[in-house]
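Dear colleague,

Please find below the structure that I am handing over to you.

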There are 2 protein chains.
Amino acid sequence: MQLKSFSIGIDIGGTNTAFGLVNRRGDILVQDRLHTQDYANPELFVQAIYDNLKPYIEQYGKSQINGIGAGAPIANHYTGEILMSANLLWKGAIPLQRLLSDTFGLPATITNDANATAIGEMTYGAAKGMKDFIIITLGTGVGSGFVANGQLIYGHDGFAGELGHTIVVRDGRLCGCGRKGCMETYASATGIVRTAMELIALHERDPIPEHEDWLLNVFSRGDEISSSGIYKAAVTGDPLAIEIFEFTGKILGETLANAVAITSPEAIILFGGLAKAGDFILKPTKKYMELNLLSVYRDKIDIIPSGLSERDAAILGAAALGWNLTH
Amino acid sequence: MQLKSFSIGIDIGGTNTAFGLVNRRGDILVQDRLHTQDYANPELFVQAIYDNLKPYIEQYGKSQINGIGAGAPIANHYTGEILMSANLLWKGAIPLQRLLSDTFGLPATITNDANATAIGEMTYGAAKGMKDFIIITLGTGVGSGFVANGQLIYGHDGFAGELGHTIVVRDGRLCGCGRKGCMETYASATGIVRTAMELIALHERDPIPEHEDWLLNVFSRGDEISSSGIYKAAVTGDPLAIEIFEFTGKILGETLANAVAITSPEAIILFGGLAKAGDFILKPTKKYMELNLLSVYRDKIDIIPSGLSERDAAILGAAALGWNLTH
């Protein structure tokens, strides 16, 4: 079978959808985006992506395109369907895979965005050559993808890899999923803000040190606390911001130690907004993971940042899915 | 390639080693056992197994034997080595796979006993036809094997599947591994006895109801509390024994709910001494698992007892390993 040269990657978000044409080296040759919510139904949405890419498909040659990969927040690899959030225009289960494949006349496959990122890291990024690794996407929520024996774990129903919804604190913080103590209520961009609010409330009873950027002062000036604000404060040496990252890394590290005991990975890759805090999050995460590991796993597992630029990762991950399609 | 008819399974324990010749249907044609500690070194031990099986190998035909599978408590599938406990005669890493293969003149492979049981269930037992499942062995300790995409997860270094050593209670019970709060300090034959002791201490301050088999009375007569004693008490309706199983099932169910979020299995198979308590352990485990599952996994996952008889499971599991060997 002749290897085809190009793959189409589509990253579908509730707000924006990015898409592009990618070659086997991971160069994005063409890319564009559109507003997901501008389209009254998924048929018009898929048609708009197709219309946008059509000239390039003709230019590079349809026969040279291996397939289409799409990543979306709640996507089922097995059924080919996505579920959009309740507050969006499109309701219920949308047969995205079939729509893509019919509209483009090319094989298509879909998965959730964290799984797409895992395949992207394995194909083009920090996990190149690895057969056993975990990727954690630390965004507004927490996504995860587990790769074992060189294959993504989809699970029986296609919904594997929800490490963000493992319960890590019994009767802990209320999660959007309706349960309490999910990891993503702590180790996400929103979780770290909740931690900040809790610690600020705790420290307000203490005397405030003389530190201009001290988060308590920011807070008392009425500024909104954000995960990037906490990062900026940590860079200036703000002890509260550092304490917030320490606590976040503790929860994340403890969770990872338990996940390691299940799949024994070579490395854990951190991706997404919170991962950009670098050592502020990597160091405590590594420290608490090691402290909680069974001895057989200790000092073996790297925690590394993503090897993909955040701008390109989503399209590359989705496109990487497209390489495994057969015609 | 012609399919060969027989496989040799060896189950190595610290005390006893069982071995047998198995056909593809899972019939154990020949089996025997020996005392592991009767042998001064592993070479003599392997030679004794070989001497025992030699007449049958000749009878059934060496050319018809596909290979040898061996399961042992701390066995590494990748290195082919086992580590015996410190209190045994043989020290350090023992190259079991090479010893077996050299002595028998047949290909050999090894893995830990829980992984062997997982492959046994997949080949001959309750997981026949399943591609994604978890097996939990509830014995003196807790072992586990995870199968995803039809393959056992060995992990990068061969040590995957230690669910018994995930930390489920922060600062909980001290575990033999040196850490605190490991699942196996609660949901094992030894863990359930610790629970009994704790609850008895708690209830001794309460008035003792009039119940002849009431565990408190057994305890006050000076009998030793055992997991089988707790089971017998539960059968007679002893409320404390039922409370002990309820607590054990709660810890196990909560742990399984988190494991499900990682691999999304079709079923979870319980094996070993504690699993023989039937509904006393299955029902609370299922109840607390469901209570703690993310909605997408709810009411989908069976918790079922092993499909292998305990007497045969270890040999069958080890023998099943031998089918995947190539010559």
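**A turn after a helix**

α7(B) is followed by S264(B), whose phi is positive, near 45°. Helices (H or I, at least four residues) and strands (E, at least two) are DSSP runs, numbered from the N terminus. This is a predicted model, in which local features need pLDDT of at least 70, side-chain atom pairs count only at pLDDT 80 or more, and totals for chains, interfaces and linings use all residues. Residues are numbered from 1 along each chain as its sequence is written, while chains are lettered from A and ligands numbered from 1 in the order in which they are written.

S264(B) is a residue other than glycine with a positive phi, and its place is in the loop between α7 and β11 (267–271) of chain B. Is S264(B) buried or exposed? S264(B) is buried, with 24 other C-beta atoms within 10 Å. Here a residue is buried if 20 or more other C-beta atoms lie within 10 Å of its own, exposed if 12 or fewer, and partly exposed in between, with C-beta atoms placed from the backbone.

**How the two chains meet**

How many residues of chain B are in contact with chain A? There are 33 residues of chain B in contact with 33 residues of chain A; two residues are in contact if their C-beta atoms, placed from the backbone, lie within 7 Å. On the side of chain B that touches chain A, β9 (142–148) and α7 (239–263) of chain B each supply at least two residues. The largest share of that side, six residues, comes from α7(B). By class, the side of chain B that touches chain A has 16 nonpolar, 12 polar and five charged residues. In this count Ala, Val, Leu, Ile, Met, Phe, Trp, Tyr, Cys and Pro are nonpolar, Asp, Glu, Lys and Arg are charged, and the others, Gly among them, are polar.

Chain B can be laid on chain A with an RMSD of 0.0 Å by a turn of 180° and a shift of 0.0 Å along the axis. The two copies are thus related as by a two-fold rotation axis. The superposition is by least squares on the C-alpha atoms of residues with pLDDT of at least 70 in both copies. The copies meet through the same surface, because 100% of the interface residues of chain B are also interface residues in chain A.

In helix α6 (residues 227–235) of chain B, the residues S227(B), I230(B), Y231(B), A233(B) and A234(B) are buried. These residues cover an arc of only 160° around the axis, which puts them on the same side of α6(B). The arc is that of the directions from the helix axis to the C-beta atoms. Just after α6(B), G237(B) takes a positive phi of about 90°. In chain A, α6(A) is followed by G237(A), whose phi is positive, near 95°.

The largest nonpolar core has 198 residues, of which A70(A), I136(A), I268(A), A70(B), I136(B) and I268(B) touch the most other members. A nonpolar core is a set of buried Ala, Val, Leu, Ile, Met, Phe, Trp, Tyr and Cys residues joined through C-beta atoms within 7 Å. Not counting residues up to four places away in sequence, I268(B) touches F133(B), I134(B), I136(B), L256(B), I301(B) and I303(B).

**Individual residues of chain A**

D299(A) has a positive phi of about 55° although it is not a glycine. D299(A) is found in the loop between α8 (279–292) and β12 (302–305) of chain A, and D299(A) is exposed, with 7 other C-beta atoms within 10 Å.

Y60(A) has its place in helix α1 (residues 42–60) of chain A and is partly exposed, with 17 other C-beta atoms within 10 Å. Leaving aside its neighbours within four places in sequence, Y60(A) is in contact with F6(A) and L21(A).

With kind regards
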